[in-house]
Amino acid sequence: MNYPPQHHQDNDINHMIEVIKTYPLATVISVDNNEPLITHLPLIYSNGKLIGHIDINNPHAQLLQNNTEVTLIFSGPECYISPSIFSSTQLPTWNYIKVHLKGKVQENPDKTALKQSLISMTEFLEAPDHKYILSTDNSRLDKYLDYILMFEIKITHWEGKFKLSQDKKPNDIIAAREELVRANQENVIQFLNKVF
């Protein structure tokens, strides 16, 4: 099979875990009566599983339990790559890093575990500066525990898609990497100036 090209596949689970840890906002996809439900949630990788939380009023919450199958997409940096950056003749392309996972979801109804999980997730997301600490005696947190579903995903399939101009000459690979960094920094500023 010629597709997807093997040079754009990264089967190193450690690389995929690094994407998940650096870009933890996942696109969570489930199917109910042939209709996809799509939700965006931060998920934390821990001991070979993904742990997340969802508002119980979200229709997707009903599908995030009972060993239901789920598909996940984690997105790393991406950008358009102009042929103008290459030393050799090329065509325009788009470089990106994506991780596609499949797994089975199980609800964890333990409120003590939920509370600790929310505290741990906040601690992870606040790293490395830890400017905010969600404490165990936070009364506001206690009020919301009944409205949050905690779930764990056992990963059954990993697929890393790292399209980074690996099929180009060494100088062009370096140029594409530099463009990915530059474009992501500039694009965020320009985009936010337009919409916010």
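N67 is partly exposed, with a relative accessible area of 44%. This residue sits in the loop that connects β5 and β6. Most residues other than glycine have a negative phi. The structure is a predicted model, and the values below were computed from it.

N47 is a second residue with a positive phi, here near 50°, and it is not glycine. N47 belongs to the loop between β4 and β5. With a relative accessible area of 74%, N47 is exposed. Another backbone feature is found at A127 and P128, which are joined by a cis peptide bond with omega of about 5°. Most peptide bonds are trans. P128 is part of the loop between α2 and α3.

**The chain as a whole**

The protein chain has four helices and eight strands. In sequence order they follow the pattern β-α-β-β-β-β-β-β-α-α-β-α. The C-alpha atoms fill a box of roughly 60 × 40 × 30 Å along the principal axes. Of the 196 residues, 39% are buried. Among contacts with a separation of 6 or more, 73% are between residues 24 or more positions apart. The chain exposes about 12300 Å², and carbon and sulfur atoms supply 53% of this area.

**Strand β1**

Q9 is found in strand β1, which covers residues 9-10. Q9 counts as buried because its relative accessibility is 17%, and the cut-off for buried is under 20%. The side chain of Q9 makes a polar contact of 3.1 Å with the side chain of E159. Leaving out residues up to four places away in sequence, Q9 touches P4, E159, G160 and K161.

Helix α2 runs over residues 111-126. At 1.5 Å a residue, its 16 residues should span 22 Å, and the end C-alpha atoms are 22 Å apart, so the two values agree. At the start of α2, a side-chain oxygen of D110 comes within 2.8 Å of the backbone nitrogen of T112.

Which residues of α2 are buried? They are L114, K115, S117, L118, I119, M121 and T122. These buried residues pack against the strands β3 (35-42), β4 (44-46), β5 (49-55) and β8 (148-163), and against helix α3 (139-144).

Helix α4 covers residues 170-195. The same kind of check applies to α4: at 1.5 Å a residue, its 26 residues should span 38 Å, and its end C-alpha atoms are 37 Å apart, which agrees. The buried residues in α4 are D172, A175, A176, E179, L180 and A183. They pack against β6 (68-81) and β7 (93-108).

A nonpolar patch on the surface is formed by V188, F191, L192, V195 and F196, with about 580 Å² of accessible area together. F196 is in the segment after α4. F196 is exposed, with a relative accessible area of 87%.

**Salt bridges**

Side chains of opposite charge can pair when their charged atoms come close. The whole structure contains seven salt bridges. The table lists some of them.

| Residue and its relative accessibility | Partner and its relative accessibility | N to O distance |
|---|---|---|
| E78, 30% | K98, 19% | 3.4 Å |
| D167, 44% | K168, 18% | 3.3 Å |
| R182, 36% | E186, 36% | 2.7 Å |

What does the pair of E78 and K98 tie together? E78 lies in strand β6 and K98 in strand β7, so the pair ties together parts that are 20 residues apart in sequence. E78 is partly exposed at 30%, whereas K98 is buried at 19%.

In the pair of D167 and K168, D167 is partly exposed and K168 is buried.

R182 and E186 are both in helix α4, four residues apart, about one turn of the helix. Salt bridges that share partners join E179, R182 and E186 into one network. R182 is partly exposed, and E186 is partly exposed as well. E179 is one of the buried residues of α4.

Technical notes. Residues numbered from 1 in each chain as written. Predicted model: local features only at pLDDT ≥ 70, side-chain atom pairs only at ≥ 80, totals over all residues. Heavy atoms only, no water. Helix = DSSP H or I, 4+ residues; strand = E, 2+ residues; numbered from the N terminus. Buried < 20%, exposed > 50% of the residue type's maximum accessible area, 1.4 Å probe, protein only. Polar contact = N/O pair within 3.5 Å; in protein donor to acceptor, adjacent residues only side chain to side chain. Contact = heavy atoms within 4.5 Å. Expected span 1.5 Å × (residues − 1). Patch = residues over 30% accessible without salt bridge, like charges linked within 9 Å, V, L, I, M, F, W, Y side chains within 5 Å. Areas by Shrake-Rupley, 256 points an atom, 1.4 Å probe, with all protein chains shown as cover. Salt bridge = Lys/Arg side-chain N within 4 Å of Asp/Glu carboxyl O.
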